[in-house]
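Subject: Structure handover

Hello,

Here is the structure for you to look through. My notes follow below it.

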Amino acid sequence: QDCTVHPNCRLLSGSMGNHCQHEETGAFHLDSHRNCSTTLDCDERNACLGLGPHARFPSISQGDLGHDTNEATLPMERNRADFQAMGAVPEGWVVSREDPPDGLLALGGSACIICQKEDRRPEVSPRGKLAVGPKHKMLLALPDWAVDVPRVHTLVQYFGTFEGLRKFCRLTRVKRAPNFNLVVFECDLPRGESLECWLGEHGSLDEQTSQELFRELLLIMASLHRTSHSVITLWGLLHPSMVFLGPHGDLASVMPVGCLLSFAGAKSCGMTLCESMSSHWLPPELESAIVASDRSLMVDPSARSAADTFSAAAVVLHAMRQVSPAGLHSKEVLLPESAVDLFSKVLYVDFHWRLTCADALGHPWLCSSSSKSIKHALSRRV
């Protein structure tokens, strides 16, 4: 889809993240809705970057599908990048020596923590958690072919509209580094402690806490896929290290790295996830996209919603019994019958028959937890 003002000014592709050719290499700040810092005037630069009152958000079309034919044949690499050389570090900020959260690199790419110059070293809690505050940010660099900038802008607009997304780490800035073929994302640090660390310290989540976690994750997925035209998705890429819990096992924040990816990027990152874990963690439709070039995730909104529901269920099952979806029916895994029924329906191989996130929220196992929580809260008030 082309800009009608400048023939050379192309709308960001829905799957590739290509940028306006008039755009300067500088960053654009999402909070202030500064979209495209150009050296030439462009009357439609807001629409070109998919922001502003007259934005044209790209839809997923058949034309977008040809871009990933020869891409995502290898796993996304984890490497070090010189964020200072890329000009990704804002003025008055420096790169911290602290390591970024593991979840930020679970799917590959490069990452670091930056802090304001007057506060060069972030405070660290006794358990090794970074202090969360406005003086510290995370930077994540991904290859330009692997990201989907228009959907990122849409996600930012969702933050202020849907309560279910308030626990996503807030994205504050996007910068292109064309000389490095990278796009850099700046976001807030997550609150709480990663699920992996929490399980290592406290052991598996009990049933009621697991029910609450599952419900909150499903509410997030329902917010992402609220209509059949929604384009925001995690592509089923939700690693336990991207989920952060509070001191009582409650959901504190989520790093939505998958929402930044194009279809090609999702396949590449899925391969990276398989290297660190098991392919059983991948939704079957994403595994089919990698192995058999299946395009259901690209063309079918219900497939994307089902993939995200699958990933949420996999995370909760891991939190309860620390097994992958393939181990649900193992004799060693003891779960309530109602819980097994729900997990079986949301982890079903064929996404056409998989329970949707909205239907899963009405399952008796989660509804019984909701009534128990209300009774517990009332008893505490009394």
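**Pockets and cavities**

The second largest pocket has 14 lining residues, and R80, D99, P100, A111 and C112 are the ones nearest its centre. This is a predicted model: local features need pLDDT of at least 70, side-chain atom pairs count only at pLDDT 80 or more, and totals for chains, interfaces and linings use all residues. Residues are numbered from 1 along each chain as its sequence is written, and side-chain values use heavy atoms, with hydrogens and water left out.

The largest cavity has a volume of about 130 Å³. Its lining is L104, L140, L155, F159, C169, L171, F185, C187, M255, P256, V257 and L260. Two elements, α2 (149-159) and β6 (182-188), each give two or more residues to that lining. By class, the lining of the largest cavity has 12 nonpolar residues, no polar and no charged.

On terms: the search runs on a 1 Å grid over the protein atoms alone. A cavity is a set of points where a 1.4 Å probe fits but cannot get out. A pocket is an open set with protein on both sides within 12 Å along at least five of seven lines. Lining residues have an atom within 4 Å of a point. Grid points join across faces, edges and corners, and a volume is the space filled by probe spheres set on the points.

β5 (171-177) and β6 pair in the antiparallel sense over six bridges. Strands (E, at least two residues) and helices (H or I, at least four) are DSSP runs, numbered from the N terminus. Two strands pair if DSSP finds at least two bridges between them. L171 has C187 in β6 as its bridge partner. L171 and C187 are also among the residues lining the largest cavity.

Seven of the seven residues of β5 are buried, so the strand is largely enclosed by the rest of the structure. Buried means under 20% relative accessible area, exposed over 50%, and partly exposed in between (1.4 Å probe, protein chains only).

Four residues lie between the two strands of the hairpin. N181 is in this loop. It has a positive phi of about 55 degrees, although it is not a glycine. N181 is partly exposed, at 48% relative accessible area.

**Two other loop residues**

Q322 also has a positive phi of about 55 degrees without being a glycine. It sits in the loop between α8 (301-321) and α9 (337-346). Q322 is partly exposed, at 40% relative accessibility.

H248 is in the loop between β8 (243-245) and β9 (251-254). It is exposed, with a relative accessible area of 68%. Leaving out residues up to four places away in sequence, H248 touches W198 and T209. Contact means heavy atoms within 4.5 Å.

**Confidence**

The protein chain averages a pLDDT of 78, and 72% of the residues score at least 70. pLDDT is the predictor's confidence in each residue, from 0 to 100. Over residues 1-70 it is below 50, and this stretch has 150 contacts in the model beyond near neighbours in sequence. Over residues 373-382 the pLDDT is also below 50, with two such contacts.

Best wishes

Key: Ala, Val, Leu, Ile, Met, Phe, Trp, Tyr, Cys and Pro count as nonpolar, Asp, Glu, Lys and Arg as charged, and the others, Gly among them, as polar.
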